[in-house]
Amino acid sequence: MKIALFGATGRVGRYVLKMALRDGHEVKALVRRADLESHPNLDLIVGNVRNAEDIRRTLEGADAVISAIGTDRTTTLSDATPLIVKAMEEEGIRRIITIGTAGILNSRLSPGLLRYQGGDSKRQLTFAAEEHEKAYKSLEQSDLDWTIVCPTYLPDGEPKGYFRFEENYLPEDGKEITAGDTALFAYEQLDSDDFLKSRVGIAY
């Protein structure tokens, strides 16, 4: 498979990259600097994820897209996602898996609201969740086959290979999930149609 990867140097994206290369897939990754270790199946596109042409170059020839773009107190995610959606539609690529946050899952406490709005989350700052909601809306309004993997508290850590998940909600009493297992679950969605056009909460 040919995979276009955004956020390849981030906490989740680096695990996705490692898994894809291990399994023999071809990966084209958009990066700010070409400082990833070279690999015969890895094509680095040096550029900016806010630039439509750089996104188009990354998507060219891809079968599917994985985006692990973070927020990092910037609007990078909400700026980039509509550009990725538009480029995918123009290139005829349908499948995209993105990394979201548990804040944009449905609230159990306040039906009709998201977790970050409904009091489910203890986080006081909502900027990251608001960014992820904008990205979610961009995907929701598209015709793409999208899946948003929504981890709760995300410490660093290698994949253990087990997790609980639930469509549109965070699994009950879910407290954390490592970056490695979030990457593994997202990567596995390349071969699954279980969560097309939906968010999926993931936790231990």
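**Entry 1: Phe165 and its ring partner**

I began with Phe165, which at 42% relative accessibility counts as partly exposed, and I note at the outset that this is a predicted model. Because Phe165 belongs to strand 7 and Phe185 to helix 6 (residues 179-188), the pair ties together parts that are 20 residues apart in sequence. Is Phe185 buried or exposed? I looked it up and noted that Phe185 is buried, since its relative accessible area is 2%, whereas Phe165 is partly exposed. I also recorded that Phe163, Phe165, Phe185 and Phe195 form one aromatic cluster.

**Entry 2: other aromatic pairs**

I looked up the count of aromatic pairs, which comes to seven. I wrote down Tyr162 and Tyr204, whose ring centres are 5.4 Å apart and whose planes stand at 45°, so that this pair is tilted. The two tyrosines link distant parts of the chain, 42 residues apart, with Tyr162 in the loop between strand 6 (145-151) and strand 7 (164-167), and Tyr204 in the segment after strand 8 (198-203).

**Entry 3: helix 1 and what covers it**

Which residues of helix 1 are buried? I listed them as Gly13, Tyr15, Val16, Leu17, Met19, Ala20 and Leu21. The cover over these buried residues includes strand 1 (2-6), strand 2 (26-31), strand 3 (42-46), strand 4 (64-67) and helix 6. Following the chain onward, I noted that Gly24 comes after helix 1 and has a positive phi, near 85°.

**Entry 4: Leu30**

I picked out Leu30, which is found in strand 2 and is buried, with a relative accessible area of 7%. Leaving aside neighbours within four places in sequence, I found Leu30 in contact with residues that include Leu5, Phe6, Ile45, Val46, Ile55 and Thr58. I also looked up the separation of Leu30 and Glu89, which are 59 residues apart in sequence and 18 Å apart in space, C-alpha to C-alpha.

**Entry 5: Thr81**

I moved on to Thr81, whose place is in helix 3 (residues 76-91). Thr81 is buried, because its relative accessible area of 7% falls under the cut-off of 20%. What lies 2.8 Å from a polar atom of the Thr81 side chain? I found that it is the backbone oxygen of Leu77. Not counting residues up to four places away in sequence, Thr81 touches Ala135, Ser138 and Leu139.

**Entry 6: helix 3 against helix 5**

Two packed helices are described by the angle and the distance between their axes. I recorded that the axes of helix 3 and helix 5 (residues 127-140) come within 8 Å and cross at roughly 10°, and therefore these helices are roughly parallel to each other. On the side of helix 3, the contact is made by Thr76, Leu77, Ser78, Thr81, Pro82 and Val85, and on the side of helix 5 by Glu131, His132, Lys134, Ala135, Ser138 and Leu139. Sorted by class, the residues of this contact are five nonpolar, five polar and two charged.

Methods:
Residues numbered from 1 in each chain as written. Predicted model: local features only at pLDDT ≥ 70, side-chain atom pairs only at ≥ 80, totals over all residues. Heavy atoms only, no water. Helix = DSSP H or I, 4+ residues; strand = E, 2+ residues; numbered from the N terminus. Buried < 20%, exposed > 50% of the residue type's maximum accessible area, 1.4 Å probe, protein only. Polar contact = N/O pair within 3.5 Å; in protein donor to acceptor, adjacent residues only side chain to side chain. Contact = heavy atoms within 4.5 Å. Axes fitted to C-alpha atoms, helices over the stretch in contact; angles between N-to-C directions. Parallel < 35°, antiparallel > 145°, perpendicular 65-115°, else oblique. Nonpolar A, V, L, I, M, F, W, Y, C, P; charged D, E, K, R; others polar. Phe/Tyr/Trp six-rings, centres within 6.5 Å; stacked < 30°, edge-to-face > 60°.
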